[in-house]
Amino acid sequence: MVLVAPSLLSADFSNLEKEIKNIEEAGADWLHLDIMDGHFVPNITFGPGLVKALRPHSNLFFDAHLMIENPDFYVEEFVKAGCQLITIHEEAVKHLHRSIQNIKSYGVKVGVSLNPATPLNGLEYILDDLDLVLVMSVNPGFGGQKFLPQVLQKIKELRQMIKNRGLKTFIQVDGGINADNAAQVAEAGADVLVAGSFVFGREDRRKAISCLKNPLKNI
Ligand code: DX5
Ligand code: ZN
């Protein structure tokens with residue numbers, strides 16, 4: 001069964017404590033934190049201060065998706081704020097191997113994210129070092145965008161790459177995930193589904209999360 005990581009980006013920002021408690025009770029596995037800097041992506045969200053303020057109010061696994069330039073400068077702050085997984089974008093760093101080792105040095109899990117147009121071959125020499133690969137199924141920057149179906153093939157190829165090497169690396173898929181595509185995404189090989197608008201946009205979050213967790217039942 002896949003894990004579900006609701007993205008805080010689509011929550012009611014005036015009521016975050018209530019929102020995270022609500023999704024935790026509704027069966028969420030992780031909390032996905034979309035960090036945007038207005039440079040790497042054309043949007044700005046929040047930083048480590050907000051993450052730190054939320055940390056005491058939740059037992060969820062805090063999954064930070066850094067859509068920022070120079071992520072190396074901010075890793076320590078996000079770890080201190082309580083993030084347990086730090087994912088950086090391959091496209092945002094010049095020395096990917098060094099940035100990965102930097103994250104690992106703080107004792108947290110490390111992920112690398114690929115934009116829809118970024119091929120898998122950049123993972124060739126670093127995959128063994130990763131806990132997770134985040135496959136973007138929209139161009140990053142905003143919630144509520146449409147899932148790009150060409151990403152399904154990429155997920156399948158990545159699953160094969162991980163299998164061939166005998167690794168346990170998680171595949172996370174982020175962007176436009178809903179009840180209509182969750183089954184295909186899980187079948188292609190995803191372990192973790194990020195969902196912003198599909199979960200937070202619904203009254204019944206328990207039902208939304210359960211639809212994503214048991215996607216094969218929807219067919
Ligand atoms: C996009 C973010 C996603 C986004 C997902 O840049 O990384 O996590 O919030 O939102 P939905 O599920 O609405 O596409
Ligand atoms: Zn994200």
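Colleague: Which cavity does ligand 1 take up?

Modeller: Keep in mind that this is a predicted model. Taken alone, ligand 1 exposes 380 Å², and the protein buries 100% of that. As for the space ligand 1 takes, that's the largest cavity.

Colleague: How many residues surround ligand 1, and which are the closest?

Modeller: Split by class, the shell has 8 nonpolar, 10 polar and 2 charged residues. Altogether 20 residues surround ligand 1, and the closest are Asp34, Gly144, Asp174, Gly196 and Ser197.

Colleague: How far is an oxygen atom of ligand 1 from a polar backbone atom of glycine 144?

Modeller: Let's go through the polar contacts, where the cut-off is 3.5 Å between N or O atoms. Histidine 32 uses an N or O atom of its side chain, 3.5 Å from an oxygen atom of ligand 1. For the polar backbone atom of glycine 144, the distance to an oxygen atom of ligand 1 is 2.8 Å.

Colleague: Moving on to salt bridges, how many does the structure hold?

Modeller: One of them pairs the side chains of lysine 21 and glutamate 17, at 3.0 Å from N to O. The count for the structure is 7.

Colleague: And what separates lysine 21 and glutamate 17 along helix H1?

Modeller: Their side chains meet in a salt bridge. Both residues belong to helix H1 (residues 16-25), and they're 4 residues apart there. That spacing means the separation is about one helical turn.

Definitions and conventions: Residues are numbered from 1 along each chain as its sequence is written. Chains are lettered from A and ligands numbered from 1 in the order in which they are written. This is a predicted model: local features need pLDDT of at least 70, side-chain atom pairs count only at pLDDT 80 or more; totals for chains, interfaces and linings use all residues. Side-chain values use heavy atoms; hydrogens and water are left out. A residue is near a molecule or strand if one of its heavy atoms lies within 4 Å of it. A polar contact is a pair of N or O atoms within 3.5 Å; within protein, one must be able to donate a hydrogen and the other to accept it, and residues adjacent in sequence count only if both atoms are side-chain atoms. Accessible areas come from the Shrake-Rupley method with a 1.4 Å probe; for residues, only the protein chains shown count as cover. On a 1 Å grid over the protein atoms alone, a cavity is a set of points where a 1.4 Å probe fits but cannot get out, and a pocket is an open set with protein on both sides within 12 Å along at least five of seven lines; lining residues have an atom within 4 Å of a point. A molecule sits in a cavity or pocket if more than half of its atoms lie within 2 Å of its grid points. Ala, Val, Leu, Ile, Met, Phe, Trp, Tyr, Cys and Pro count as nonpolar, Asp, Glu, Lys and Arg as charged, and the others, Gly among them, as polar. A salt bridge is a side-chain nitrogen of Lys or Arg within 4 Å of a carboxyl oxygen of Asp or Glu. Helices (H or I, at least four residues) and strands (E, at least two) are DSSP runs, numbered from the N terminus.
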